Amino acid sequence: MARALQLARQGLYTTDPNPRVGCVLVKDGEIIGEGWHQRAGLSHAEVEALNNAPDAQGATAYVTLEPCSHFGRTPPCCDALINAGVSRVVVAMQDPNPLVAGQGLQKLRAVGIDVVCGVLQEESQLLNQGFIKRMTQQRPWVRSKLAMSLDGRTAMASGESKWITSAHARADVQQLRAESSAILTGINTVLADDPALTARVDAEVVQPIRVVLDSRLAMPVDAQLVNGPGRTLILTSSTDDAKKQALQQAGFEIYEIPEHQGRLDLRQVMTFLAEQQINEVLVEAGPTLNGALLAQNLVDEWVIYMAPCVLGDQGRGLFTLPDMNTMADKKNLNLADVRQVGPDLKLTFTAN
C-alpha cells in the first residue's frame, strides 16, 4: 500500500477534479503490475495496473481508494478487477463520493473477492483532503499562503513587499500552486501586483483556475491574469452589464455571488467553488481577505513563510480584524509542521 501511495502522488499536479489514486498488483509475492490515475478522462489506477500486468488471475490488488462501481468518463474499475480474476483487494479508504461510498467494496465481496479496507487510511486521506471535503461537505479544502518578516509584517507601510522571503521559499510556493485546483485572490492584490498566478514547476501540471473576488468589477481588461492557460473567474456582486461584457470579451468568466454585510458572501464563494468541482483552493491575498476568511473560520490550513528580517512597526500585518478587541476574541491555531526552506521557516497551521 505504501508503494501504491507513492504511485498516487505522481498524479499530484494533474488529476483534478478527480482524486489521486495508485494501484499495485501482487502475485506469488511479486509485484506484477503498477498504475496510477494520471488525468481526468484517462484510465483509473486499477485499469492502468491491469494493463501493465501479464496475468492478474488470483492476484491481490492494493488500491489507495475504493474502486469505483459506476460509469463516469470511464467504465467501473470494480468490473475490471472482477473480469481480471483478482482474488483479493486491499483498499486504503472508502470513496466519499456518494456515487460509490461502499458500493464498490460491496460489489467485489458479492462475487467472492476477499476485501480489506482501512490500510494506511490516514495517509490516503491526506493525499485527497480536498476531494474528501468537497464530497462530504460541499466545500473545497482551503489553504492560505502568507509571507512575513520576523516581526509579523507582510509589507512596508508603502505596500512594498518584494521580496520578503527567499527564492527557495518562492519556489516552494510554486509547488503549492501546482497542487491546487484554484488560486483565490482579491481585486486589491491584482491592482497592486498584476500577478499571473500560474504554477511554474518542472513537471507536468494542470494549471489551477484563477479566481478573483471583485465585488465592483474593478478588474482591468488587460490584467495579465487572463493571459495564462486555463480559466480565470471573477466573482462579483456588480450588476454593471457594460463592465461584465468588456471583461468577458477579454476572456474572463463572470459569476454573481450574493453579498453579506456589504461584501461578497465568502461562504457562498466556497460553495460556488465546490460546484465548479474545485477540490483545493490556495489563497494568495492581502490582510483584508485573509482577515475575513480567518474571522469566518473558512481556512483549513495556513502556510506561513517567515523570513529572518525585520520590517518595523509601521509595516502591514497579516490580518485585518477590526472586531478583535479582547483576548477572548483571539483566534487559536494548531501548529502542524515546521521546516526550514532556505533561510526561511515554513510554518504550517491547521484550524481548530
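Leaving aside neighbours within four places in sequence, which residues is Leu 120 in contact with? Met 1, Ala 2, Leu 5 and Ala 92. Before I go on, please keep in mind that this is a predicted model.

Leu 120 sits in the loop between β5 (114–117) and α5 (121–127). Its relative accessible area is 32%, so we call Leu 120 partly exposed. And if you're wondering about Asn 279, that residue is 159 places from Leu 120 in sequence and 22 Å away in space, C-alpha to C-alpha.

Okay, pockets. The largest pocket has a volume of about 1,400 Å³, and 48 residues line it. Nearest its centre you'll find Thr 189, Asp 193, Glu 284, Ala 285 and Gly 286. Elements that each put at least two residues into that lining include α7 (167–179), α8 (187–193) and α11 (287–295), and on the strand side β6 (141–148) and β12 (263–264). By residue type, the lining of the largest pocket comes out at 21 nonpolar, 14 polar and 13 charged.

The second largest pocket holds about 710 Å³ of space. Its lining has 22 residues, and closest to the centre are Gln 129, Arg 143, Glu 179, Glu 301 and Lys 346. Two or more lining residues come from each of α5, β6, α7, β14 (301–306), β15 (333–341) and β16 (344–351).

Now the rings. How many aromatic pairs does a search of the whole structure find? Two. In one of them, Tyr 255 and Phe 272 are tilted, 4.9 Å centre to centre with 50 degrees between the planes. Tyr 255 is in strand β10 (residues 253–256) and Phe 272 in helix α10 (residues 266–275), so this pair links distant parts of the chain, 17 residues apart. Phe 272 is buried at 11% relative accessible area, while Tyr 255 is partly exposed at 24%.

Then there's Trp 302 with Phe 319: centres 5.2 Å apart and planes at 90 degrees, which makes the pair edge-to-face. Trp 302 lies in strand β14 and Phe 319 in the loop between β14 and β15, so parts 17 residues apart in sequence get tied together.

One last thing to click on: the charged end of Arg 170 sits over the ring of Trp 163, 4.4 Å from the ring's centre.

Conventions:
Residues numbered from 1 in each chain as written. Predicted model: local features only at pLDDT ≥ 70, side-chain atom pairs only at ≥ 80, totals over all residues. Heavy atoms only, no water. Helix = DSSP H or I, 4+ residues; strand = E, 2+ residues; numbered from the N terminus. Buried < 20%, exposed > 50% of the residue type's maximum accessible area, 1.4 Å probe, protein only. Contact = heavy atoms within 4.5 Å. 1 Å grid on protein atoms, 1.4 Å probe; cavity = no way out; pocket = protein on both sides within 12 Å on 5 of 7 lines; lining within 4 Å. Points joined across faces, edges and corners; volume = space filled by probe spheres on them. Nonpolar A, V, L, I, M, F, W, Y, C, P; charged D, E, K, R; others polar. Phe/Tyr/Trp six-rings, centres within 6.5 Å; stacked < 30°, edge-to-face > 60°. Lys NZ or Arg CZ within 6 Å of the ring centre and 35° of its normal.
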